[in-house]
Amino acid sequence: KAKKGIYSSWSFRSGNSHIQQKYFRQVKDAWMVDEKIRSMVSFQTANLVQDDFSSLTSNVKNIDLIVCRNVFIYFEPQIVSQVLEKFYAALRPGGYVMTGHAELHGKNLGLLTTKVFPESVIYTRPETVQNDRGQSSQISLPSAIAPSPLPSPPIPVVPTFPFLNQTAPIQPAFNSIPKPSLPTPPTVPPQETPKKPIEVSLSQAEAHLNQGESAIALRLAEQILQTNPRHDGAYYLSAQAHANLGAYEKASDACWKALGINPRSVNPYYLLSRIAEERGDIEQAKKWLKKIIYLAPEEIMAYLDLASIYAQEGDQERAYKMRATAVEYLEKLAPQATVNHQEELTAGELLILVKKMLANSL
């Protein structure tokens, strides 16, 4: 499936539309990655635990970068160490390993070293190795493959202040009369309202979900639900995580549990419509989008999603009506208002895009 390079609209739900238009071309109701990119990619199946990479047909070695996210969280520490040894052997000197956040925290990294940057932790195979006498030797690399050094984190500048000369006596002003000084009450900083533990956990889970770490987000959502089984936000986040992992039945079930707590919430219906569309049940997808419009007539994205489905079905008249309605609501918003939080499209940007669609359909 990966070799074909064909993706449904669901795969771009949180992506950049510019990248989608630049590197993919539409094929019916799907998107195919550009042939030039496909020709540069080779695929191979391997078992991280059981296989010896050096014995594989492609002879995996001298790799610049290994990206291995949301994998080590399922492995025992001993297995993690074994896989990291294989990664070390597969990397070229100076090569990098990137994992999910904190996946390798406290684990045995073997010969890999850690580089800490402001937004991430990266593991690398050093360009120097220790010989039998414990001395370091530099490995020279051809300039064509020599790694470009990553920028070092900025060194904080500590401001310095002049100190008062404590030994010099302070001369009082002429005819000055010392005034009695009253004790200054201690300054009490304003107390911030602490967040509830559930809110903190939900924000952490959302952060992991936005970073593509669905398994971790799911685990955090389940922990919230253990203490608060009627937390509709945790159910919805759980549904998103399940959907990202391909578990559509569990995702749908979590959506309905969220709706059972908050029947007027529209987000679960959005997800249910995407799942139905992914499964090829277009009628059901339209049903959920219409439900959103019934509950919240100002939900612009529901009109646009419906218009897209109608256009794919060849019903240009209904597609035009949906987009025209979306334009009416968009014109009521401030141009800088955010409409689609995932793609951070402003109302002004979306209005221009939808008007072009209407003009092209005439």
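Me: What share of the contacts between residues at least 6 apart in sequence joins residues at least 24 apart?

Reply: In this chain, 55% of such contacts join residues at least 24 apart, where a contact means heavy atoms within 4.5 Å. The model is predicted, so local features need pLDDT of at least 70 and side-chain atom pairs count only at pLDDT 80 or more, while totals for chains, interfaces and linings use all residues. Residues are numbered from 1 along each chain as its sequence is written, and side-chain values use heavy atoms, with hydrogens and water left out.

Me: What makes up the secondary structure of the chain?

Reply: There are 12 helices and 11 strands. Helices are DSSP runs of H or I with at least four residues, and strands are runs of E with at least two, numbered from the N terminus.

Me: How many of the residues count as buried, and what is the accessible surface of the chain?

Reply: Of the 362 residues, 33% count as buried. Buried means under 20% relative accessible area, exposed means over 50%, and partly exposed lies in between (1.4 Å probe, protein chains only). The accessible surface of the chain is about 24700 Å², with 55% of this belonging to carbon and sulfur atoms; such areas come from the Shrake-Rupley method with a 1.4 Å probe, and for residues only the protein chains shown count as cover.

Me: What makes a set of residues a nonpolar core, and which residues have the most contacts inside the largest one?

Reply: The members must be buried Ala, Val, Leu, Ile, Met, Phe, Trp, Tyr or Cys residues joined through side-chain atoms within 4.5 Å. The largest such core has 43 residues, and Leu271, Leu330 and Leu350 have the most contacts inside it. At least two of its residues come from each of helix 6 (232-244), helix 7 (248-261), helix 8 (267-278), helix 9 (282-295), helix 10 (300-312), helix 11 (316-330) and helix 12 (347-361). Helix 10 gives the most, with nine residues. Leaving out residues up to four places away in sequence, Leu271 touches Trp10, Tyr236, Ala239, Gln240, Ala243 and Cys255. Another core, of 16 residues, lies apart from the largest one and includes Ile66, Cys68, Phe72 and Val83. In soluble globular proteins, nonpolar side chains tend to be buried together.

Me: What makes Phe12 and Trp31 an aromatic pair, and of which kind?

Reply: Rings of Phe, Tyr and Trp (its six-membered ring) pair if their centres lie within 6.5 Å; planes under 30 degrees apart count as stacked, over 60 as edge-to-face and the rest as tilted. Phe12 and Trp31 stand 6.2 Å centre to centre with 65° between the planes, so they form an edge-to-face pair. Phe12 is in the loop between strand 1 (6-8) and helix 1 (17-23), and Trp31 is in strand 3 (residues 30-33). Phe12 has 13% relative accessible area and is buried; Trp31, at 9%, is buried as well. Gln20, in helix 1, touches both Phe12 and Trp31 and is buried at 13%. Ring pairs link Tyr7, Phe12, Phe24 and Trp31 into a cluster.

Me: Why is the pair of Trp256 and Trp288 called edge-to-face?

Reply: Their ring centres are 5.3 Å apart and their planes stand at 70°, so the pair meets both limits. Trp256 is in helix 7 and Trp288 in helix 9, 32 residues apart. Trp256, at 41%, is partly exposed, whereas Trp288, at 13%, is buried.

Me: How many disulfides does the chain have?

Reply: The count is zero, a disulfide being a pair of cysteine sulfur atoms within 2.5 Å. Among the cysteines, Cys68 is buried at 6% and Cys255 at 0%.
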